[in-house]
Amino acid sequence: MADMARNTLLIIIVTLFLLPEMAQAQRWKRFKQEVGMSLGASNFLGDLGGNSEGDGSRFGDLDLSNTRPVFGVWYKYRFHDRFAAKANLFYGRVYGTDENTPNVWRRNRNHTFRSPIIELSTQGEFYFFREKIGAAYRIKGVRGYGSTNIAGYVFGGIGVIFYDPHGKADDGSWVRLSDLNTEGQGLPGGPEDYSRFTLTFPIGFGFKYNFSREWGIAIEYGLRLTPSDYLDDSSTRYYDDDAIAAAYGELAREMSDRRLSDSRFEGNARRGNDERKDAYMFGTLSLTYRIRTATRSRIRF
């Protein structure tokens, strides 16, 4: 009898501890879908500009003065308590200039560019810290029936972007660079034309705070890696500017070689660094809304 009573008491204790967690494990299923609107900042990590005196590491080259706005919308589907899939549509701008860099070689190159970024991407999320869906009633002193409003997650994904680099000409106007073949694209010994579409690989992390069952805010940082080196139209080496002018015009000559030094063509001199591909980053603040997707039980936990 003593063993039976002890086992019964153990079962009751374990049940009291597990029941709230079991209820929570089912509660997330009522809110599998989520939508959001994001507003934030973008920055560019590529050949142009930069905040380091040498070539620098990718993050050591970050120049906050080149920050530009980004906004977007997204849809998220929670298929597990700790895992979700998310689809993003973002519009942002990236900018880079050699004017302010402490790197002497890049400052002498004297290029400035800007480009829109239209990104369509999908990402998988892992919640290393889960929020709990709040109880219908909060019972003071009853453990497990409250609500933890903060969640943290990491993500990785893939997508495609459209970009369209424009350069700043001597008269202050902005001209489309892909039309000018500034590195001798299409000429003997020059590189191939580049596409204004490329893949993107977002990786990053985020934190979320729910101030009600449905509504919340999220802050997210994502680095976007790309296989392209032409987001800023600078990748390989200078091409003979006389040949560029003959084939594509004087504006193409102006935008292909803007060096401040007197010597113009220096025989295959480096114009960019094609060994390190371009990247950009988005930091966003989102307003989120969770969609109730299942009928609530009459028994409210």
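## Ser121 in strand β4

The side chains of Ser121 and Glu119 make a polar contact of 2.7 Å. A polar contact is a pair of N or O atoms within 3.5 Å; within protein, one must be able to donate a hydrogen and the other to accept it, and residues adjacent in sequence count only if both atoms are side-chain atoms. Ser121 belongs to strand β4, residues 112–129. Helices (H or I, at least four residues) and strands (E, at least two) are DSSP runs, numbered from the N terminus.

Ser121 has a relative accessible area of 5% and is therefore buried. Buried means under 20% relative accessible area, exposed over 50%, and partly exposed in between (1.4 Å probe, protein chains only). Leaving out residues up to four places away in sequence, Ser121 touches Lys86, Ala87, Asn88, Ile158, Gly159 and Pro202. Contact means heavy atoms within 4.5 Å.

## The model and the whole chain

This is a predicted model, in which local features need pLDDT of at least 70 and side-chain atom pairs count only at pLDDT 80 or more, while totals for chains, interfaces and linings use all residues. Residues are numbered from 1 along each chain as its sequence is written, and side-chain values use heavy atoms, with hydrogens and water left out.

The protein has 4 helices and 10 strands. Read from the N terminus, the order of elements is α-β-β-β-α-β-β-β-β-β-β-α-α-β. Of the 301 residues, 43% are buried. Among contacts between residues at least 6 apart in sequence, 77% join residues at least 24 apart. The accessible surface is about 15,500 Å², and carbon and sulfur atoms account for 61% of this surface. Accessible areas come from the Shrake-Rupley method with a 1.4 Å probe; for residues, only the protein chains shown count as cover.

## Helix α3

Helix α3 spans residues 241–248, and its buried residues are Asp241, Ile244 and Ala245. These residues lie on the same side of α3 because they cover an arc of only 100° around the axis. The arc is that of the directions from the helix axis to the C-beta atoms. The buried residues of α3 pack against α4, residues 250–256.

At the start of α3, a side-chain oxygen of Asp240 comes to within 2.9 Å of the backbone nitrogen of Asp242. After α3 comes Gly249, which has a positive phi near 105°.

## Aromatic pairs

A pair of aromatic rings is described by the distance of the centres and the angle of the planes. Rings of Phe, Tyr and Trp (its six-membered ring) pair if their centres lie within 6.5 Å; planes under 30 degrees apart count as stacked, over 60 as edge-to-face and the rest as tilted. By this rule there are 14 aromatic pairs. One of them is the tilted pair of Phe162 and Phe197, with 5.2 Å from centre to centre and 55° between the planes. Phe162 is in strand β5 (residues 150–163) and Phe197 in strand β8 (residues 197–210), so the pair ties together parts that are 35 residues apart in sequence. Phe162 is partly exposed at 23% relative accessibility, whereas Phe197 is exposed at 53%.

Trp215 and Tyr289 also form a tilted pair, 4.8 Å centre to centre with 55° between the planes. This pair links distant parts of the chain, 74 residues apart: Trp215 is in strand β9 (residues 215–225) and Tyr289 in strand β10 (residues 279–291). Trp215 is partly exposed at 38%, and Tyr289 is partly exposed at 31%. Phe128, Phe205, Phe207 and Tyr221 form one aromatic cluster.

## Charges over rings

A charge sits over a ring if NZ of Lys or CZ of Arg is within 6 Å of the ring centre and within 35 degrees of the ring normal. Lys76 lies over the face of Tyr153, 5.0 Å from the ring centre. The charged end of Arg259 sits over the ring of Tyr238, at 3.8 Å from its centre.

Most residues other than glycine have a negative phi, and most peptide bonds are trans. Asn181 is not a glycine, yet has a positive phi of about 55°. Asn181 is in the loop between β7 (174–176) and β8, and is buried at 9% relative accessibility.

Asp233, also a residue other than glycine, has a positive phi near 70°. Asp233 is in the loop between β9 and α3. With a relative accessible area of 2%, Asp233 is buried.
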